[in-house]
Amino acid sequence: MTMSSVPLSTSSPASLPVRTIPGSYGWPLLGPISDRLDYFWFQGPNNFFSKRIEKHKSTVFRTNVPPCFPFFIGVNPNVVAVLDVKSFSHLFDMEIVEKSNVLVGDFMPSVVYTGDMRVCAYLDTSEPKHTQIKNFSLDILKRSSKTWVPTLVNELNTMFGTFESDLSKSNSASLLPTIQKFLFNFFSLTLLGADPSASPEIADSGYSMLDAWLAIQLAPTVSIGVLQPLEEIFIHSFSYPFFLVKGGYEKLIQFVKKEAKEVLNRAQTEFQLTEQEAVHNLLFILGFNAFGGFTIFLPTLLGNLGDEKNAELQEKLRKEVREKIGVNTENLSFESVKEMELVQSFVYESLRLSPPVPSQYARARKDFKLSSHDSAYEIKKGEILCGYQPLVMRDPKVFDEPEKFVLERFTKEKGKELLNYLFWSNGPQTGRPTESNKQCAAKDVVTLTASLIVAYIFQKYDSVSFSSGSLTSVKKAS
């Protein structure tokens, strides 16, 4: 089949049969608890959705998603799962869905974590404040582009210097702590214009303060691998109080107020935000969007380079990088990596198989007909749609060999066409973030930054080996 035979249009072709949405929510209280235990304990998210696709013979069905009863009063776990590319695309049509207070299904952390205000992520596109904050976010990225690449190279030099030092002392260098410090420094410098080194405590512990702030908000919605049933009882049953991370968050607020004055001033004079609105939205952008997203994605990206068994993949990437820009990092730029088709395809394929945010949600703005590849379904106003991206991005009707990592998948004309169906950023890779949609403001910057990191590695090294969250060896460029 041709890729263009799978339209992203959310209209329901007259030829599609209208089908009743299969599945059910079960008995009140008992149904959601049963689904929660399957989701977190007995099956895990992938099997949870896969088994229901098999059971209902449909990629669209009714089910429950965590969090739910007992202590999440007022949170409705009922969703309509949309698990193929075509039905999934409805989540991003702002004419038929809205995102007000939608983070994980009907659940969102208390606004006490964000200064008692709804930051941009919790606002619908119809709200005037959304336009102000989204345009502010886009402006930050535009202005930071001037210093983005040199700052990235400087911070990568520091990070890989740490890795090499660790490798000289043992057989491996653990990725996560060093990566998180790199990410915190890099995004503070570029997005906030704030230098963490100005505050010794922030320089040393700022990333761990963000870690704690993120973890405590998202704990009810993720599995952390603690021995069951302890995880279900103590992690997934209730929200944790803000006071546990209040001290660290207030130190981050003071850091932003003191060191990011220029950005804060622009927020107030050019975008009519209050200082408080600007501070808490900046911390959300820094913490949730940038630091949090890359903390998940960058180890995955590096892990996909693999070990010696991936020598052919590394050889292809190294050859392209060296042919385009040699080994001098001064040649690294947004423009130069745009010419690296394989490097970009490697990044896109990593995002396809392992999207940093696995689940997307939206609430129906009105009654409408939702289309999958083979059926149409009646969606009622107020119903919540849930898409689990790791399955959606393995849609066999769109992607050949969907389970396989294919380096060249997004190259040439067919690959460019496939970018219409690559979702990881609250919209397709070919979409454009604007104030009228919820697509990630940094959608293009993320893929280009990841491409820059891959290109940097193969300028600096002939080969690298990663295993189980660690760097195990490097061979410097000869």
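Helices α4 and α16 are oblique to each other, a class left for angles that are not under 35 degrees (roughly parallel), over 145 (roughly antiparallel) or 65 to 115 (roughly perpendicular). The model is predicted, with local features requiring pLDDT of at least 70 and side-chain atom pairs pLDDT 80 or more, while totals for chains, interfaces and linings use all residues. Residues are numbered from 1 along each chain as its sequence is written, and side-chain values use heavy atoms, without hydrogens and water.

Helix α4 spans residues 128–169, and its axis is 11 Å from that of α16 at an angle of about 40°. Axes are lines fitted to C-alpha atoms, for helices over the stretch in contact, and angles run from 0 to 180 degrees between N-to-C directions. Helices (H or I, at least four residues) and strands (E, at least two) are DSSP runs, numbered from the N terminus. The crossing of α4 and α16 is right-handed, the near helix being turned clockwise from the far one by less than a right angle (anticlockwise for left-handed). On the α4 side the contact includes Leu141, Trp148, Phe160 and Glu164, and on the α16 side it includes Val445, Tyr456, Ile457 and Lys460; contact means heavy atoms within 4.5 Å. The residues of this contact comprise 12 nonpolar, 2 polar and 2 charged. Here Ala, Val, Leu, Ile, Met, Phe, Trp, Tyr, Cys and Pro count as nonpolar, Asp, Glu, Lys and Arg as charged, and the others, Gly among them, as polar.

Helix α16 (residues 443–460) also packs with α13 (residues 341–353), the axes coming within 9 Å and crossing at roughly 120°. The pair α13 and α16 is therefore oblique, and the crossing is right-handed. Val343, Gln344, Phe346, Val347, Tyr348 and Leu351 of α13 meet Thr447, Leu448, Ala450, Ser451 and Val454 of α16. Of these residues, 8 are nonpolar, 3 are polar and none is charged.

The largest nonpolar core has 145 residues, and Phe49, Leu305, Leu317 and Ile457 have the most contacts inside it. Such a core is a set of buried Ala, Val, Leu, Ile, Met, Phe, Trp, Tyr and Cys residues joined through side-chain atoms within 4.5 Å. Helix α10 (residues 275–305) gives the most to the core, with 16 residues. Beyond residues up to four places away in sequence, Ile457 touches Phe160, Leu302, Leu305 and Val464.

Lys181 is in helix α5 (residues 176–192) and is partly exposed at 33% relative accessibility. Buried means under 20% relative accessible area, exposed over 50%, and partly exposed in between (1.4 Å probe, protein chains only). Not counting residues up to four places away in sequence, Lys181 touches Ala203, Asp204 and Tyr207. The C-alpha atoms of Lys181 and Tyr207 are separated by 6.0 Å, although the two are 26 residues apart along the chain.

The peptide bond from Pro66 to Pro67 is cis, with omega near 0°, and Pro67 lies between β1 (60–64) and β2 (78–82). Gln228 and Pro229 are also joined by a cis peptide bond, with omega about 5°; Pro229 lies in the loop between α6 (200–218) and α7 (230–234). Gln272, in the loop between α9 (261–269) and α10, is not a glycine but has a positive phi of about 55°. Gln272 is exposed, with a relative accessible area of 53%. Ser468 lies in the loop between β9 (461–467) and β10 (470–476), has a positive phi near 50° and is exposed at 77% relative accessibility.
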